[in-house]
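Hi everyone, thanks for making the time. Let's bring the model up on the screen and walk through it together.

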Amino acid sequence: MGKSLGKRAGMKDANRSVTMPRIVVVYCRNAVSSAAELLEGPYTVKGLNAFFAALPCSSKIEPSYLLKILADGADGVLVVACPEGHCRFMVGNVRAEKRVNYVRSLLDKAKMGAERLTLERGENLTEKDLLSLAQRRVEPLKILGPNPMKGDGK
Amino acid sequence: MIIAEWKPLPELVEILKGHTNVLVVGCATCVAECAAGGEREVETLAPLLQMALKQEGRTINVRTSTLERQCEWEFVEELAKVAPQVDAIVSLACGIGIQAVAERFPELAVYPGVNTTALAIRQEPGTWLARCAACGDCVLGETFGFCPVARCAKSLSNGPCGGTRKNGKCEIDENIDCVWYQIYERAKARGKVEQLLKVRKPKNWSNSGHGGPKRVVREDLRP
């Protein structure tokens with residue numbers, strides 16, 4: 001469970017914001033320094049509206065999951081994987097990168113913009129690091145504009 | 001397996017422009033094995049279509065379903081409950097499955113979501129190679145287990161042509177093996193190169209596409 005660093009907010013509240021992009025961060029729990037640093041669920045801190053989900057390995061992401069998150073109205077998705085060569089499951093993070101690149105190509109074909117989906121690598125991450133990685137996505141997503149699917153989500 | 005590839009997204013967007021409730025149907029057999037039309041691909045294409053159509057100013061409802069086999073009537077029947085709730089179906093099955101769905105639900109627009117391309121084998125994860133052309137006159141016994149119809153760019157019965165590269169690749173693509181080079185190498189390994197000196201007569205194409213639509217009847221299996 002997440003700690004009290006940020007104000008937790010429901011995603012419906014987040015949808016009301018027109019200036020703050022809604023970012024979904026899916027990250028490998030092995031990239032985090034300790035269980036105490038895990039972030040889960042919606043977080044709204046200063047200048048950030050994000051939803052965090054930990055995975056047992058970044059390779060657990062599937063193209064369909066990433067696309068559904070965007071089809072449901074998230075402005076951007078950030079996948080956080082371990083550095084290359086540091087995957088507990090050998091090549092999980094390499095597979096994650098391939099899938100992210102594949103989905104980015106699909107987003108371009110759908111004219112949604114590949115930049116809505118990005119991958120970052122890191123290890124021994126703290127809660128603050130995760131929030132910082134998400135924070136870095138805010139400006140690029142503001143430039144990209146709101147997801148046209150916003151409001152169509154189930 | 002039968003392999004297929006997604007149709008270009010703009011083509012799918014164009015054909016769906018007049019529809020508002022669409023069912024994307026997959027097949028859990030061949031097209032799932034070649035990562036074109038199984039459950040994963042259905043669940044990937046559905047949100048992608050929604051987003052691509054949204055960019056064109058259209059909002060559509062997309063349902064999804066993946067049948068065990070779209071080429072068997074018993075499985076196609078599973079769509080009977082959802083069919084009345086949609087105005088179009090996009091099938092990610094091979095051409096056989098697409099036609100089965102179109103035949104079962106003639107009142108609906110049924111569109112191919114894929115192009116069916118070959119009968120192939122998975123060479124390694126992510127790579128599929130054509131192996132059979134369903135020619136109706138199999139010569140694999142004479143060609144040491146390599147099909148020159150499907151695997152030779154010219155479908156030569158008496159190869160190789162003059163386009164074999166020195167490294168045994170085909171002149172049309174350096175990544176494609178010359179199948180007649182492979183046939184020769186296997187014949188040599190088995191000490192039977194002399195068998196390749198026999199001139200193979202023209203194939204009997206009447207047992208395949210050249211004889212009209214193929215129809216096989218087994219009286220012992222009919223009702």
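Predicted model: local features only at pLDDT ≥ 70, side-chain atom pairs only at ≥ 80, totals over all residues.

Residues are numbered from 1 along each chain as its sequence is written, while chains are lettered from A and ligands numbered from 1 in the order in which they are written.

Back to the question. The crossing of H2(A) and H3(B) is left-handed; the term applies if the near helix is turned anticlockwise from the far one by less than a right angle, and right-handed is the word if clockwise. The helices here are DSSP runs (H or I, at least four residues), strands are E runs of at least two, and both are numbered from the N terminus. The two axes come within 8 Å and cross at roughly 25 degrees, so H2(A) is roughly parallel to H3(B). Axes are lines fitted to C-alpha atoms, for helices over the stretch in contact, with angles from 0 to 180 degrees between N-to-C directions; under 35 degrees counts as roughly parallel.

Which residues meet there? On the H2(A) side they include Leu67(A) and Leu70(A), and on the H3(B) side Leu48(B) and Met51(B) are among them. Contact means C-beta atoms, placed from the backbone, within 7 Å. By class, this helix pair brings seven nonpolar, three polar and three charged residues. For the classes, Ala, Val, Leu, Ile, Met, Phe, Trp, Tyr, Cys and Pro are nonpolar, Asp, Glu, Lys and Arg are charged, and the others, Gly among them, are polar.

Zooming out, the contact between the chains takes 15 residues from chain A and 12 residues from chain B. H2(A) gives the largest share of chain A's side, six residues.

Now chain A itself. Its open sheet has five strands in the order E2-E3-E1-E4-E5, with mixed pairing; strands pair if DSSP finds at least two bridges between them. E2 (41-45) and E5 (117-121) of chain A are at the edges with a single partner strand each, so one side of each is left without a neighbour in the sheet. From one strand to the next, the twist averages 25 degrees. E4(A) and E5(A) run parallel, joined by five bridges, and Val80(A) stands opposite Glu120(A) in E5(A). Helix H3 of chain A (92-109) lies across E4 and E5, at about 160 degrees to E5(A).

Chain B has an open sheet too, with four strands in the order E3-E2-E4-E5 and parallel pairing. Helix H3 of chain B, residues 39-55, lies across E2 and E3 of that chain, running at about 170 degrees to E3(B).

Finally, two backbone details in chain B. Most residues other than glycine have a negative phi, and most peptide bonds are trans. The bond from Gly159(B) to Pro160(B) is cis, with omega near 0 degrees, and Pro160(B) sits in the loop between H6 and E8 of chain B. Phe144(B) has a positive phi, near 55 degrees, and lies in the loop between E7 and H6 of chain B.

Definitions and conventions: Contact = placed C-beta atoms within 7 Å. Parallel < 35°, antiparallel > 145°, perpendicular 65-115°, else oblique.
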